[in-house]
Amino acid sequence: MDRICPARVLSRYGLLRRLHDTGFNGFNAYRVEDNRMPTRWPAFLRCEGGHEGPVTDLLHSPREMRQAIREAGDRGLPIASLL
């Protein structure tokens, strides 16, 4: 049996993007640092490597998302880790 090599496993972001691009998922993922807003709402923030669940409740607009991103930064969450 082949072993899965951790170096070849997609990140959470990579997996979510691939699932969207292949049509498996109707939702998409965006890195906050790319400065792109979701095209569908509601949405939420989460840390890419975190296992605690979303950082926010459901957000319903770009305004709410921008505010949530500011608050996450104020709490010390690195922008580079936010999806």
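This is a predicted model: local features need pLDDT of at least 70, side-chain atom pairs count only at pLDDT 80 or more; totals for chains, interfaces and linings use all residues.
Helices here are DSSP runs of at least four residues, numbered from the N terminus.

R46 is buried, yet R46 has no salt bridge. A salt bridge requires a side-chain nitrogen of Lys or Arg within 4 Å of a carboxyl oxygen of Asp or Glu. For R46, the nearest side chain of opposite charge is that of E52, 7.0 Å away.

How many salt bridges does a search of the whole structure find? The search returns one. This salt bridge joins E48 to R31, with 2.8 Å between the closest N and O atoms. Both E48 and R31 lie in the loop between helix 1 and helix 2, so the pair ties together parts that are 17 residues apart in sequence. E48 and R31 are both buried.

I turn now to the largest pocket. Its volume is about 520 Å³, and 24 residues line it. Helix 1 (12-21) and helix 2 (62-74) are the elements that give two or more residues to this lining. Which of the lining residues lie nearest the centre of the pocket? They are N28, Y30, P38, A43 and F44.

Key:
Residues are numbered from 1 along each chain as its sequence is written. Side-chain values use heavy atoms; hydrogens and water are left out. On a 1 Å grid over the protein atoms alone, a cavity is a set of points where a 1.4 Å probe fits but cannot get out, and a pocket is an open set with protein on both sides within 12 Å along at least five of seven lines; lining residues have an atom within 4 Å of a point. Grid points are joined across faces, edges and corners, and a volume is the space filled by probe spheres set on the points. Buried means under 20% relative accessible area, exposed over 50%, partly exposed in between (1.4 Å probe, protein chains only). Lys and Arg count as positive and Asp and Glu as negative; His and the chain ends are not counted.
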